[in-house]
Amino acid sequence: MKKEVYKSNFNELILNEIKKIIPDEAVSVDIIDRLAVAHGAFNVEYKWIQSGKYPYIPDVVIWPETTEQVSEILKIANKYKTVVIPYGGGSGAVMGSVFYNGGICIDMKKFTKLVFNEKGMSVSAGAGWNIAQLEDELNRMGFTMGHFPQSMYSATIAGSVVTNAIGTFSTKYGKFDDMLIALEAVLPTGEIMYTKDSPKASTGINLNHLFLGSEGAYGICTEVTVKIWPKPEAREYSVYTFKTTHDGFEAIRRIMATSLSTLAVVRLYDEFESVFTINKFNFEKGYALLYLGFEGREDQIEVDINISDQCCLKEGGIYKGDEAAKHWERERFDTSYGLDTTHLYNGAAESLEVSASWDKLENVWLAMRNALAPYAQLIHVHFSHVYHTGGNLYCIIHTIRGENPKDAEKIFLECVRKALDACVIAGGSVSHHHGIGTLKSKWMLAEHNNGFEVMKKIKKVLDPNNIMNPPVLGLGGEANV
Amino acid sequence: MFNEYNKLMEDCSMCNDQCVYGCPAFTINRTTTVYPGRKVYLAYSLARNEIDCTESLAKSLYQCCSCGLCKTYCVYGIKGDPRDPIPLFHKARYEIIKRGIKLDYVKDAEVRINKYGNLYGDVSIALSELKDSNIKGEEVGIIYLVDAESLMINSEASKAAITLMNKKNIKPIISDRFESGYDLKANGFLEEAISMAKKMAEYLNKSSANKLVIASPKTYYAIKEWYKELGIKIKQEVILEIDFFYGLFIVPCDEYKSRPYDLQNFIKTDKLVAYHDGSFMARYLKNYDAPRMIIKSLFTQYQELRTNKEKARPLASAVYPLGISEDFLKKLAERRIIEIKDANVDYVITSDAQSYAALKKYWNKEKVLSISEALLMNYVEMEK
């Protein structure tokens, strides 16, 4: 760590070269601008704020407006072997934009191009579009992206590419890798590349995947083309309780095997996380809770609700109307509960989202719960994205121990380690949609085996000077945990 | 420093920034530096002596038009306890000025305050014209307060209001004081603001009037809410102009219970209109119904704009836009005008001076009305 992080240690030569291609007002070494982009939204970063002077900040912030400007900045950064980290909405939850060694922050939010392709059923948006604002624009024209991540009010659309994100209505609209059609990106050495907007092509490796989940390590995504859908006619919910979480799993597996076209939301809460809702709505105590959400044509929804109802009843599900799910819908962007814990001097809360195939998911669930039980004050688990072959597990951890922010950080990171070790042993993947960042990079080898070496080789070829967000994904720098 | 905002500074410095979705400063400026939560973090850093008080800090803290949308979209608001960083920004501006950091526009503002007692400049001619328009009726103990902002940028709306009062045989006293102090407080001139507020209270408390009708929602908010915080009392019953007209014209008779929205003295015009909720009406006062009920009575067709009530996008800065560029103000208005154009209305009616002026400047002069102008346009004399 640099001794005086609040002073910019940036080389004047680099600055002068950058100012030849970018207007003066789009480059800043002022502490005001550098401090503003220093953190993401993970609790450890908040603990650093709480502790006093922020430990890691960039030396310079740049606000480019064109892909060509990004290209030129990266060429200069390569010439001087300077670290570059692109910055989107600042909503990342895995410490994916930590300026451990200072460097250049490229704030991407001035990329606001918008090209609407109604016939092609897609929209091309600049990297910096706030997701909710982009959705508003599409709604104005009678369309939706169907992409509603909990961070949509602060995150950018390119942030969804580089974390390979997902929204809460994923069963109908897909994961972000299903939504993404094409992109424009600048490679670490400054070359600009595009992918085509064909719906599918058998023309070699799909290079969209070089950037999906890339976290800024393989270049900077400047433009994104995604699918759009007509705004749905209707949205309906069904709620069921099940004697056990296992019964809920079985019902979901049955439902997923029937491929219901309007099924958009599937959320199963285990017996522990269900407690609050079950008390609020006076459902059977000790039961698991399932929300099903449907979007589309009313007649199709009616058919799908009947089919899913049969699947649930076969597994002992008890129908509970729709009010509990509507309550979830109204409050689904509320993250204040976790923030309240994190704001305690000795508290920290955050979610870990992992995934596994159906045959392993229950084991992962038990393994993570049991691993955390001696360490975390509160563990909430739900399963909020499901597929034909498996699903995601969302484990929300609250720890309130120790004396100060430093203790809280240490204790929470220990929980992360215990939980993810357990996940890996039980056969799960350590991240479903938040990414790896520097938080989870330790598990990359366990996650990919030899594939991790392939990733490193690609990184070395594309980024020979290792300038692009080096610590993330465990590719080029030290992991934090 | 900022001790009263300690909890807010912790909460907003360490939140998920969901408020940026609504924030016009971010949407137009597009830097992380102007996120509401990050500006709070900068104020927090200043309070903890982690950063110096500089011109660039001052500039970033002036990048807020006090519209209140950050509170609307605050993550803590989902369960009903939203945080409001705007008073902290106002206080931080004051602290920065107090420490001698004065940007050019702050220095200019200081000159205007010293010379004219407000940020808008010389409003004496507008005030005199307003008084000249107050020609008939009985003095019934009403004092009518038109603030400097309204006098400077939409005095025609207040003239229409006076004409309406005169037609109902009311001749109000026109207030000689026109600065509540709120715009000054918002822009960091706290001591001058408190002094103005005290002078306003002294003036009003000496008046013989028992009712104070206030043209501007912002000034109404200042006198009803901010003065309370300052411990300043006003002897009059304080009424917002729209509520005053609502009370004046809504038919109270039993026979009209079946159609309670009808107004006496007014015809209905066959036009499609929309109402723009200004920041103070919508978010500070949460007054949605009175203007809508009046408007729906005057026109045959009414259209809600795509964002409305508490979520309405602003057309203009909610307070005097010190430090906010002309280009910013144009883009701010244009974002709202897109929604107005989508609605394809004949008129847009609004109740605050800044929104009214922005619509006239950036949209269409002929299609903008204040509530009082809309009432006057549809007014007919009753048969004796």
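Here is a short tour of the structure in your viewer, stop by stop.

Keep in mind that this is a predicted model, in which local features need pLDDT of at least 70 and side-chain atom pairs count only at pLDDT 80 or more, while totals for chains, interfaces and linings use all residues. Residues are numbered from 1 along each chain as its sequence is written, and chains are lettered from A and ligands numbered from 1 in the order in which they are written.

**Stop 1: the domains of chain B**

Colour 3–101 of chain B as domain 1, 124–247 as domain 2 and 251–377 as domain 3 (the bounds come from an automatic or database domain assignment). Now look at domains 2 and 3 of chain B: their centres, taken over C-alpha atoms, are 21 Å apart. Where they meet, 21 residues of domain 2 contact 25 residues of domain 3 (in contact means that the C-beta atoms, placed from the backbone, lie within 7 Å). Helices (H or I, at least four residues) and strands (E, at least two) are DSSP runs, numbered from the N terminus.

**Stop 2: a sheet in chain B**

Next, find the open sheet of four strands in chain B, with parallel pairing and the order S6-S5-S7-S8 (strands pair if DSSP finds at least two bridges between them). S6 (299–303) and S8 (368–370) of chain B sit at the edges with a single partner strand each, so one side of each has no neighbour in the sheet. Zoom in on S5 (residues 269–276) of chain B, which pairs with S6(B) over four bridges in the parallel sense. Click Ala274(B) and you'll find Gln303(B) of S6(B) opposite.

**Stop 3: where the chains meet**

Show both chains: the contact takes 35 residues from chain A and 32 residues from chain B. Which helix gives the most to the side of chain A that touches chain B? That's H2(A), with five residues.

**Stop 4: two helices in chain A**

Finally, select H15 (residues 358–372) and H16 (residues 405–425) of chain A, whose axes come within 8 Å and cross at roughly 150° (axes are lines fitted to C-alpha atoms, for helices over the stretch in contact, and angles run from 0 to 180 degrees between N-to-C directions). That makes H15(A) roughly antiparallel to H16(A) (the term covers angles over 145 degrees). Show side chains at the contact, including Val364(A) and Met368(A) of H15(A) and Cys415(A) and Lys418(A) of H16(A).

How values were computed:
Contact = placed C-beta atoms within 7 Å. Parallel < 35°, antiparallel > 145°, perpendicular 65-115°, else oblique.
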